[in-house]
Every structure is written in C-alpha cells, then in structure tokens.
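Hi,

Here is the model I promised to pass on.

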Amino acid sequence: MNRKQLYMLIRIIIALVMTVGLQLIDFAGWPRLALYLAVYLIIGFDILKKAWLGIIHGRVFDENFLMAAATVGAFSLALYEKSGDYLEAIAVMLFYQIGEFFQSYAVGKSRRNIAALMDIRPDYANIEEEGKIVRVDPDDVEVGQTIIVQPGERVPIDGVIVSGVSSLNTSALTGESLPRGVSAGDELISGSINMSGVLKARTTKEFGDSTVSKILELVEDSASRKSKSENFIAKFARVYTPAVCYGALALALLPPLFLMLFYGAPVNFATFETWIYRALVFLVISCPCALVVSIPLSFFAGIGGASREGILVKGANILETLSKVRTVVFDKTGTLTKGVFEVNAFHDHGDNDIDVEHKKAKLLEYAAIVESSSSHPIAKSLQQAYGKKVDRNRLSDVREISGKGITAVIDGMTVAVGNEKLMSEMSLAPCRCRTAGTIVHIAIDGKYAGHIVLGDVVKPTSKAAIADLRKSGVTQTVMLTGDARPVAEQMAAKLGVDKVYSELLPADKVSHLEDILNSSKGDTKVAFVGDGINDAPVLSRADLGIAMGALGSDAAIEAADVVLMDDDPMKIGKAIRISRKCLRIVWENIIMALGIKAVCLILGMFGIVNMWLAIFADVGVMIIAVLNAIRVMYVHKV
Amino acid sequence: MNKTFKIEVDCANCANLVEDAARKVSGVKDLTISFMTQKMKVAFEDGADQDSVMAEVLKVAKKVEPDFEIL
C-alpha cells in the first residue's frame, strides 16, 4: 500500500465511523447538517476539487463530475426537502471512494506482481579493478570487458564465459526451470541467474544491446501497444460520459415539463423533485470506470502471465490477433526439428540394415575421419555420432570434390565419402536408399562399403504440439521446408501436419505463405512459426509471426510478434489458449458491465432503482470486473 | 532521442487522456503512457530542449489529471 492509498484508507475509516456514529446519536437541525457536511467533505473533497478543476479546464464530463453532481444534487434535494436525509449523498460518495480505493489497491497489487514477473533488470555489473571486485552500472561496461558473476547474481550483459563452471537458471527468460550447466567457452545470456560457481565472462555486447535489455524493452513497450478493444472502450468512454450527462439532464427536465404541460401537474419544484432524484441515480449508475480499468488490466495480466511461461507477446493488439489464429504454418528446420542431423541407420550395398556393431562402427569411423577437416553440418554431425577424438595422423591425401564429397587415404586404404554423384564418378552403383533422409555413401579401396542415413531430429514434443494446436481450435497446420519431398512428406505424416510444401527456396516460403494468407477466410488469422534464422521476411509477412528459441537473435525478436524464449513447440498452443482466455474475460467484462448498467439505467428511469442499488451497479460491477481481469494472470494450467 | 520516465497516475482513463493531451506539446515527437507499467515514453523532436519540453508536458498533464506525477 502506498502513501496515497493509506491516506485514502484513513479518510474512508474516519468517514465510516462518523457516519455510523451519526446514525446512533441523533442530532437535529443545524448541528446535524454541519456534521453530515463535515463527513461529506472528508470523504469527497478531492472529488469535488477535481470536478471543479475539470470544469475550469474545459473537461467537464468525467467520473469526478458525475459523482460530484450526483452527491451535491442529493444533498441539495435533502436540504430543500428539509428531510435531513443526507445519508444517501454520503453513502454514494463513500462507496464510490471505497470502490476507487479497492480498485487502486487491487490494480496496484496485481500490477506489481506482474511487473515483478517481468522485472529481470540487473542493477549492477561486477568488474575487476586492481584485483578488487567493483560494482558498476551495467551501462558503463564496454564490449570485450571482463565481468564477474557471482552465485545468486543475475547476469547483466551478454558474453562468453572465460573461466568458471556453474549452472544457470534461465527460468526468467525461458520459463524452463531446469538449470543449464555452463563452462568456459559457453555463451552467457544476460537475464539468467548464476546458481553455483563464480563465472568470469568477456562481454560481447553493450548492456543496451544485450538480451535482457531487448526483452525489457519489448515487455515495457507491449503495454503501450493498445488493443482494438481498448481503443474501442477509450473512444466509447469519450462519447458515453457526456451522453449520460445530457441524458440525466433530459431526465430531470423533460418528463416533469411534459407532465406540467399535458397532464396538469402543478407547476412547482415538487414536480421536478422525483425526476431530479432519478437523474442523480442515473448519473451514479453510468460511471464507466469498470470498463476503462478492467480491459487494459486484462491484457496486461495476459501479457504478464504469458511472459512467466516464456512467451513474450509484443502487445495487447497481438494478443487479440493470436486469439483468432486458425492456421499455423511451420518452418520445419529448427521449429519442428532440432535443426541438427543425427545418424539414423547404416545400410549395406543391398540396402539392408547392417546389424553387426563393429561393421557400423567401422563405417562411422571412416566417415568421421575423412570428414574431419570439413565444417559442413553433416560432417559435424558425423563427428558427433563418432564421439571420439579423430586421430588425424591416420589421414593423408585429403581431396575435397566440391558438391560431391571427400576422398582420403586412411591406414593405407583409399576411402571415399560422399553423395551418389561421387559414387558414379568412381563407377560404383550405389543403391537407392529406401529411407528418407540425407545419405552419405562410403567406398573403401574402390568397393562400395555401405551408406549412413542421417536425419534431422524431430523435437520430442512436435507431434504432441500439433495435436495440441488442433485441440486449441487451429483448423489447419502447414509445413514449409527446403527438404526433399520424400523426407518432408514422411515427416509431415508422422507429425500429423495437414499440408506440406517441400523443396522450397527461402523466397518461395514467402509466396507460399501469401497463398495461404489469401485463402484464409474472414476474420481468421494465419500464424507463421520460425526459428528466426533466414525467415525474418516470412515472420513479418504473416498475420502473426512467432519466433522460437530466439534468445540472442535480434533479427527474430525484431520481426516477430510473439517470441518464444525456448524452442518447445508446445508453447504455441499455450500462447493461443492464453490469448483466448484473455479475450474471453475481456468480453465477459464488457458484456457484464454494460449489461448490468443498461438494465439499471432503464430501471432507474422508472424510479425502480434507488441510490443504493445504483452504487452497487457502479462499484460492485467494477470490483467484479477487476477481480475477473486479474484471473487472466493465472495461465500456468491453461 | 527517446526517454522513459517513471510516472504516477491513478486511473486508466486519466492515463489515456493525459497521453492525448501531452502528445500535442511542441517538441514531443511521440509519447506513450502505460498505466500498467506506470511509465511514460517520450520521443523528443531533434533539437528540442528536453527540460522545458518535460516541464510543459507536466503542466499539460496536471491540467488533465491533477494527481499526475513524474517521478
């Protein structure tokens, strides 16, 4: 609770105590008026002041004016009627203030909760100066300088670890709670928390360009990108409040005039009284605060809740688009697959599986040794599968034949490792492999020895993620890939993707996406999911671009609308469900608030609703709407 | 030149109104107020004197919402 809120709370309590006291001890005449007036001023002077300032500054119709007019009106009526019933005016003001207090407290609290979720700003960086560790502003650290991150501290700036072994908690960045082990040579991403050992790192970026700054900027900006419903309500409130004020004025004047002219009602103030009272009730009911507060709060809670799950949404408008996504287009490599090759099978010349371990090992060994000088991803994957250090002394006469493969001499034998073209060049007839994948053929001393099948590894959650999307209401899933057709189709069938376009060049991806965009119906949206490498144009062309595993890739963070901090495709369905929940609650609030108000306004016109019910229609609805909006934040199990 | 200010504003609607009004201050290229993060982002025109622009922004904001504060 801040100072302002505490001050308000004290005022509320004093006013409450005095009001109750006044019910118990009865005064009459002037002392009674004076005491009630005192309570009224204690609880409402700031509203009166704001209403007055509003009038002076030419902004007449706001909530303060509504409340001031309603309460001053009720007070005046009580004075005029000499009824001494000042309670109503005070109750209206008191409940309005209690409502405002509650709103400010609840909104403030959830705002702080959400902000805390997203607050990963490091306060300082440690650098070494003359053998001592000094804390400095992260902004002052230059690229290439060495920073020291102690256990329990947040990594302030991106860098590369120079020395130290530790595990990093990246949950603030990725939502992933498993710590990640790191040691010298590994990348150190700012925003993660060092858990165990002291790390020394050489910075590779300035603070302003570091991951943590990019994320903070993204999150802070997200709240200022307003959604259509927010804009709608802002515009609505601008028209609505004056309309209600004129409506109230008309309600106070027209019916009594009508009655006097046509029904012979007595021409005096008494005829107006009932209608003035009804007009005041009308004013109290109409206050638009429930909507104006709950809608941005819902979106903010949605964005905050999503970010806790490692889903960064760039704005309230994006959350809105996300909820309308019915088609999800995937880039294959890096999103549905890990983007690294793995050895899947060993086949002999007759395309039969080799099931003798030492034969497999020999093929892999030769392939790995021959490819040891190459930096091609396939060569690297072979090294990895081989798993041992390559003894390059066994290797001589390495010849790289561009686009075909490599030949070399190992232990006195000539070994050729490459594709079909290399085999044909050696007049060997390699068998056509039945398995889809990337094939590496091996020939030893001019004889065909067999081939290794390499495949891009599918992420363990990809299949479940596609099924999950379908459950979340996505009607079409499409995969775009540069891979050969059989590989692509086999994978699509395995994962349950509806459509697949294969053998695409990067530029083709944009045109295929455009076709999909054109064929999407009505208000439904098309999302594109990529890993941010080479697909920035596609990301920005889609209705909604989702970049995954985008840590450290500025281009992807820039181009995408939604950034998934880790590379788990399950998060896509989750993001869609979070957005749906958020939008559902927004509409619940709009319909509930407007509905209750509309009913009360009509009943108020006919004098069925009195001031007390009017207060409920205003404050009660607002409290319900705010509580409902806060619900959006809890999205872990969505 | 962009700058972010911490602000204090009590109601969401007031934040919208202050934003509308403060955008019209001369020297301000763009301005957004986030009620939720209680932050105001100001993009200044080139060569504008930031202090005087901000003084004017505060004055305009106070007119709309007397409780508005720049921290």
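**What I found**

Chain A has 21 helices and 22 strands (helices are DSSP runs of H or I of at least four residues, strands are E runs of at least two, and both are numbered from the N terminus). Its radius of gyration is 35 Å, well over the 26 Å that the globule rule gives for 638 residues, so chain A is more spread out than a compact globule. That radius is taken over C-alpha atoms, and the rule is 2.2 Å times the number of residues to the power 0.38.

Before going on, some housekeeping: this is a predicted model, where local features need pLDDT of at least 70 and side-chain atom pairs count only at pLDDT 80 or more, while totals for chains, interfaces and linings use all residues. Residues are numbered from 1 along each chain as its sequence is written, and chains are lettered from A and ligands numbered from 1 in the order in which they are written.

**Chain A**

Along the principal axes, the C-alpha atoms of chain A fill a box of roughly 120 × 65 × 40 Å. The chain is divided into domain 1 (142–205) and domain 2 (339–458), with bounds from an automatic or database domain assignment. The C-alpha centres of these two domains lie 38 Å apart.

Buried residues make up 44% of the 638 in chain A. Buried here stands for 20 or more other C-beta atoms within 10 Å of the residue's own, exposed for 12 or fewer, and partly exposed for anything in between, with C-beta atoms placed from the backbone.

H7(A), residues 228–262, has 35 residues and reaches 47 Å from its first C-alpha to its last, close to the 51 Å expected at 1.5 Å a residue (the expected span is 1.5 Å times one less than the number of residues). H7(A) bends by about 30° at A:Ala250, going by the angle between axes fitted to the seven residues ending there and the seven starting there. After the helix comes A:Gly264, with a positive phi near 65°.

The other one is H21(A), residues 611–630: its 20 residues should span 28 Å, and its end C-alpha atoms are 29 Å apart, which agrees. Its buried residues include A:Met611, A:Ile615, A:Val619, A:Met622, A:Val626 and A:Ile630.

Most residues other than glycine have a negative phi. A:Glu130, however, has a positive phi of about 50°; this residue is in the loop between S1 (125–129) and S2 (132–136) of chain A and counts as exposed, with 5 C-beta neighbours inside 10 Å. A:Asp445 also has a positive phi of about 50°. A:Asp445 lies in the loop between S16 (438–444) and S17 (447–458) of chain A and is exposed, with 10 other C-beta atoms within 10 Å.

**Chain B and the contact**

Chain B reads β-α-β-β-α-β along its sequence. Its radius of gyration is 11 Å, which agrees with the value near 11 Å for a compact globule of 71 residues. Of those 71 residues, 39% count as buried.

Where do the two chains meet? The contact takes 14 residues from chain B and 16 residues from chain A, counting two residues as in contact if their C-beta atoms, placed from the backbone, lie within 7 Å. On the chain B side, H1 (12–22), S2 (28–34), S3 (39–44) and H2 (50–64) each give two or more residues. The largest share, three residues, comes from H1(B).

Cheers
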